[in-house]
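Student: I've got a two-chain model open and I'd like to go through it with you. Can we take it one question at a time?

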Amino acid sequence: MFADIFINPWVDMVEAPDFLMQVLWEGLVSGILYALIALGFVLIFRSSRIFNFAQGIMVVFAALTLVGLFAMGIPAWISVGLTLVVMFVLAVTIERVVLRPLVGQPDIILFMATIGITLFLIGFGETIFGGENKVMITEELGIPTGDTVLEPFGGLLILQHLDITVVVVATLLVLALLAFLNYTQMGRAIRALGDDHQAALSVGISLQTIWVLVWFIAGIIALVTGIAWGARAGVSFALEVIAYKALPVLMLGGLESITGAIVGGLMIGILEKLFEIYWGQPLLGGNTETWFAFVLALIVLLFRPQGLFGERIIERV
Amino acid sequence: MLYRTAGQFKTSYVADQALFPVRQDAFLLGILLVFGWVIFPLTASEFTFQTLLIPILIYALAAMGLNILTGFAGQLSLGTGAFMGVGAYACYKMVTIFPELNPIVAILLSGFFSAGIGVVFGIPSLRIKGFYLAIATLAAQFFLVWLFEKWAWLYNYNASGAIQVPNLEMFGIFVSGPQAASVTEYYIVLFVVTLLTILCINLTRGNLGRTWKATRDMDIAAELIGINLMKSKLTAFAISSYIVGVAGALYVFMWKGAAEPNVFDIPLSFQVLFIAIIGGLGSIMGNYLGAILIVGLPVVLNVIAGTQVFQMSALSAFILIALVAAIGFLSWVARSGWAIGAVIGFAVLTLIYGYAQTQGFRIDSALIEHINVMIIGGLIIFFLIIEPHGLNQLWRLIREKLIIWPFPH
């Protein structure tokens, strides 16, 4: 038992370095997607203190819209454009109908409202697109589908082209977002709101514009993640679950931190894969990915209650 | 007028500390109890028992458990579903290991298991606060559901992986399992729920309840005035999980009859959280109101949508609502608030529906299901906007108005 837990996994890793690399690679791919979703959360949380539970369903909704539009005979790339329009309309609607009347309410009420949005979008999506599983239009979007086989250490390492594309696109998107946040006026306004609401408002930053903007950015992120995960697992409402995966990432990295979202995402993606392959499957019957990230984040939180990169919590009476 | 308390003097401490010091409240409650204990069981059909009465009571109980934790002690939890599962599995193991155990005793005992697990997952709350804690409770949610799936001992190594409720007897009457009558199940649920509600009312207005409220309002300040935060938070977790666990046991034994692990997955947690929030955090009665709305509404919608009248009148209603929508849209552009926005949302849906009607389309049950989900999501947002403090607060306002009615001031 002791050996099973503390020795054998490491021995396995050293003995089959190619397999280890395969595991790390797959962890990296999902990690970067977690980071991307978590980034959507962080942007909304920083600028409005809203814990946006609807991020997951936005992923599904964006993917369904894309597939649905394509099924209506619209060319793939135009469908992408139209989906972005839909996500923008969604952002405006959410800001108008839900968020604006709830300004100033306690955090938990806003959180519940986003769960309300989630339910509404689930029902809406199922009514319009139907609940069945759909196939993502991978080829039509020009995403390569083959794979490259490398042979490091005399073993096998299979890199799906799809995964490579995902990593490249997600990395570019993260970099673009960082550049946007750091070097544009709008981006600085978002960060200003995150630092101090009232100060930001007093220098003339429009809360409403920023809210629409961050929800739209979250929509773009949702579309990219939707395409990426949809291409791997099909488009269905089960995709919503990946948003839950972004939650421990947020805990680990800290709710306010952009760096935290990225580092936390990669960490959780890789560690949960390693744990699943080397400990979960042989010892615990597998499928540990559903909870490992949460437990890991919980343990980290016990030592750092604000997450690895979160703002230090100062409490006063 | 109707709720006037003038003339109701309290001349002793006992009278001052009565559960319902206002005579009208006690009277209303009496009427409700008569309905619950006598009239409903005599008149309800099998369908009403199974889709309305029993689930509403069970969900109200679960929401009450959550409300103790979130509404009174201020610790947001998203793991309710899993704790219900712990109660259900504990009860299942108990009745299969000790078949001669009285079912009600088994159900009440099963809460202690979830209370224990609740305390374990409550320990992080001493350091972690707010949303961080909410996500931390998700760890309990996902881990426990995973455990229900993987630990075969829990479901007695069934091939199906689900727990099946056996036929259980009490004084020669079947009280659970396929052979039990709905009335018997209803009475048992009602008995347990009544018992725990009385317990909750008294707990929350006693010393413990005040400690919880102080912790909720500001835990550091509470600590400074000498409240032991660890005791306060952990008792809240324990009692809340106990009630939730009992609700879980009732959920499987008195209502569903069988359960797979994924029944206790996160949608159940959210459903209970909705009930607690829509009903009103920090209230006991709100849980019942919330449960009636969240559990009862879909059933009512289904029944209405299934009738012929609805199908025929839908078209005319659609034209009417489309008109309202047009007006609504214009005023929305003129920025006159959320209500109009809500009307638009509704109208757009009706437009779609009306169009489908003209195409000779009839709604099937799957679609009703989807529309229900959508309506419930919309309603949650709607209620949060009109009254963030829940249905309980609405009732309180009505009561205030009734005190001076029919005079305006």
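This is a predicted model: local features need pLDDT of at least 70, side-chain atom pairs count only at pLDDT 80 or more; totals for chains, interfaces and linings use all residues.

Student: Let's start where the chains meet. How many residues does the contact take from chain A and how many from chain B?
Tutor: Both chains give residues to this contact, so count each side on its own, using pairs with C-beta atoms within 7 Å. The numbers are 41 residues from chain A and 37 residues from chain B.

Student: Which element gives the largest share of the side of chain A that touches chain B?
Tutor: The elements giving two or more residues to that side are helix H5 (76-99), helix H6 (107-129), helix H11 (241-253) and helix H13 (292-303) of chain A. By class, the side has 29 nonpolar, eight polar and four charged residues. The largest share is 15 residues, and it comes from H6(A).

Student: What classes do the residues of the contact of H13(A) with H6(B) divide into?
Tutor: From H13(A) come A:Phe294, A:Val295, A:Leu298 and A:Leu301. They meet B:Tyr132, B:Ala136, B:Leu138, B:Ala139, B:Phe142 and B:Phe143 in H6(B). Sorted by class, that gives ten nonpolar, no polar and no charged.

Student: H13(A) also packs with H11(A). Are H11(A) and H13(A) roughly parallel or oblique to each other?
Tutor: Their axes are 9 Å apart, with an angle of about 15°. H11(A) passes H13(A) in a left-handed crossing. Angles under 35 degrees count as roughly parallel. H11(A) and H13(A) are therefore roughly parallel.

Student: How many charged residues are in the contact of H11(A) with H13(A)?
Tutor: H11(A) brings A:Lys245, A:Pro248, A:Met251 and A:Leu252. H13(A) brings A:Ala293, A:Phe294, A:Leu296, A:Ala297, A:Val300 and A:Leu301. Alongside nine nonpolar and no polar residues, the number of charged ones is one.

Student: What about helix H8 (residues 185-195) and helix H10 (residues 207-233) of chain A: roughly parallel or roughly perpendicular?
Tutor: Their axes come within 10 Å and cross at roughly 105°. Angles of 65 to 115 count as roughly perpendicular. That makes H8(A), relative to H10(A), roughly perpendicular.

Student: And what are the classes in the contact of H8(A) with H10(A)?
Tutor: H8(A) uses A:Met186, A:Ala189, A:Ile190 and A:Leu193, while H10(A) uses A:Ile210, A:Leu213 and A:Val214. The count comes to seven nonpolar, no polar and no charged.

Student: Over to the strands of chain B. Which residue in the turn of the hairpin has a positive phi?
Tutor: Strand E2 (residues 168-170) and strand E3 (residues 173-176) of chain B pair in the antiparallel sense over three bridges. B:Met170 stands opposite B:Ile173 in E3(B). The hairpin has two residues between its strands, and the one with a positive phi of about 50° is B:Phe171.

Definitions and conventions
Residues are numbered from 1 along each chain as its sequence is written. Chains are lettered from A and ligands numbered from 1 in the order in which they are written. Two residues are in contact if their C-beta atoms, placed from the backbone, lie within 7 Å. Helices (H or I, at least four residues) and strands (E, at least two) are DSSP runs, numbered from the N terminus. Ala, Val, Leu, Ile, Met, Phe, Trp, Tyr, Cys and Pro count as nonpolar, Asp, Glu, Lys and Arg as charged, and the others, Gly among them, as polar. Two strands pair if DSSP finds at least two bridges between them. Axes are lines fitted to C-alpha atoms, for helices over the stretch in contact, and angles run from 0 to 180 degrees between N-to-C directions. Angles under 35 degrees count as roughly parallel, over 145 as roughly antiparallel, 65 to 115 as roughly perpendicular and the rest as oblique. A crossing is left-handed if the near helix is turned anticlockwise from the far one by less than a right angle, and right-handed if clockwise.
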